[in-house]
Amino acid sequence: MSTVAGGVPRDLVQAQVYLSLLDVADPRQRVVVRLVLTATAAQFPCALGDFQDFVRTVRPDMNPDAETDTKGRADAGT
């Protein structure tokens, strides 16, 4: 895709990953998480590896009752 940013035309490339996660309490329920990387065509080859590493870290929250901070991290109780 193409866009204009700061008056400069830019060609962008996008990668999307869809993760389907089952509800362990009710396997009839699921959630789909969409992860998106958008970068310039020049940045994309370098950014793709980091995006793939990030995707590998996405996991369901196994302690949904834990409080989270403003960045979404679970409180370790310390």
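Gly6 sits in the hairpin of β1 and β2, with two residues between the strands, and takes a positive phi near 65 degrees. This is a predicted model: local features need pLDDT of at least 70, side-chain atom pairs count only at pLDDT 80 or more, and totals for chains, interfaces and linings use all residues. Residues are numbered from 1 along each chain as its sequence is written, and side-chain values use heavy atoms, leaving out hydrogens and water. Along the sequence they follow the pattern β-β-β-α. Helices (H or I, at least four residues) and strands (E, at least two) are DSSP runs, numbered from the N terminus.

**The sheet**

- Three strands form an open sheet in the order β1-β2-β3, with antiparallel pairing.
- β1 (2-5) and β3 are the edge strands, and each pairs on one side only.
- Neighbouring strands of this sheet are turned by 40 degrees against each other on average, direction ignored. Axes here are lines fitted to C-alpha atoms, for helices over the stretch in contact, and angles run from 0 to 180 degrees between N-to-C directions.
- Two strands pair if DSSP finds at least two bridges between them.
- β1 and β2 (residues 8-22) pair in the antiparallel sense over four bridges.
- In that pairing, Ser2 stands opposite Asp11 in β2. Val4 stands opposite Pro9 in β2.
- β2 and β3 pair over 11 bridges, also in the antiparallel sense. Here Leu19 stands opposite Val33 in β3.
- In a regular strand the side chains alternate between the two faces of the sheet.

**The helix**

- How many residues does α1 have? The helix has 14 residues and reaches 20 Å from its first C-alpha to its last. That is close to the 20 Å expected at 1.5 Å a residue. The expected span is 1.5 Å times one less than the number of residues.
- Which residues of α1 are buried? They are Phe44, Phe51 and Val55. Buried means under 20% relative accessible area, exposed over 50%, and partly exposed in between (1.4 Å probe, protein chains only).
- Seen down the axis of α1, the buried residues fall within an arc of 40 degrees, so they line one face of the helix. The arc is that of the directions from the helix axis to the C-beta atoms.
- The face of α1 turned away from the buried side carries the exposed residues Cys46, Asp50, Arg56 and Thr57.

**Helix against sheet**

- β2 and β3 are among what covers the buried residues of α1. Contact means heavy atoms within 4.5 Å.
- Gln43 lies in the loop between β3 (30-40) and α1. Gln43 is partly exposed, at 48% relative accessibility.
- Gln43 and Leu12 are 31 residues apart in sequence, but 9.1 Å apart in space, C-alpha to C-alpha.

**Salt bridges**

- How many salt bridges are there? The count comes to two. A salt bridge is a side-chain nitrogen of Lys or Arg within 4 Å of a carboxyl oxygen of Asp or Glu.
- Side chains of opposite charge can pair when their charged atoms come close.
- Arg28 is exposed, at 73% relative accessibility.
- Another joins the side chains of Asp53 and Arg56 (2.7 Å, N to O). These two residues are three apart in helix α1 (residues 44-57), so about one helical turn separates them.
- An α-helix has 3.6 residues a turn, so residues three or four places apart point the same way.
- Asp53 is partly exposed, with a relative accessible area of 44%. Arg56 is exposed, at 53% relative accessibility.

**The whole chain**

- The protein has 78 residues, and 14% of them count as buried.
- Take the contacts between residues at least 6 apart in sequence: 28% of these join residues at least 24 apart.
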